[in-house]
Amino acid sequence: MRHYTVRFTEEAHADLRRLYGFLVDKDPRAAAKALKAIRHGIKLLSFSPYACRKAAADMPRLRELLIPFATSGYVVLFEIESPRTATILAARHQREDDYQ
């Protein structure tokens, strides 16, 4: 089995901090569970990033990872940059305005 290194852009780190911060103010326990779900989902990228759906038909290495949580979930945009590296570019809650 091929192992991929999973990296994060600064923007992706900022997105994760924002998502956690939004939820922790409302429900700290739910925030901890959401963070755990996101971390668990991201583990998939270390061994099977091509299992995720394409984000754009003309860009086969740009992918989206859907992470279910509660009644909706999160979407993580990433790029498979090389045969051994996947870089997380952004993370959004599925109910955010710019989620498609």
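Reader: Is arginine 53 buried, partly exposed or exposed?

Author: The model is predicted, with pLDDT of at least 70 needed for local features and 80 or more for side-chain atom pairs, while totals for chains, interfaces and linings use all residues. Numbering runs from 1 along each chain as its sequence is written, and side-chain values use heavy atoms, leaving out hydrogens and water. With a relative accessible area of 37%, which falls between buried (under 20%) and exposed (over 50%; 1.4 Å probe, protein chains only), arginine 53 counts as partly exposed.

Reader: How many residues apart in sequence are the parts tied together by glutamate 64 and arginine 53?

Author: The two side chains form a salt bridge at 2.8 Å, N to O (a side-chain nitrogen of Lys or Arg within 4 Å of a carboxyl oxygen of Asp or Glu). Glutamate 64 belongs to strand β3 (residues 59-69) and arginine 53 to strand β2 (residues 53-56), so the parts they tie together are separated in sequence by 11 residues.

Reader: Which residues do salt bridges that share partners join into one network?

Author: By the same rule the count is 4 salt bridges. Those that share partners make one network of Asp15, Arg18 and Arg92.

Reader: Which residue meets glutamate 81 in a salt bridge?

Author: The N to O distance in this salt bridge is 2.6 Å. It links distant parts of the chain, 74 residues apart, with glutamate 81 in strand β4 (residues 72-82) and its partner in strand β1 (residues 5-8).

Methods:
Helices (H or I, at least four residues) and strands (E, at least two) are DSSP runs, numbered from the N terminus.
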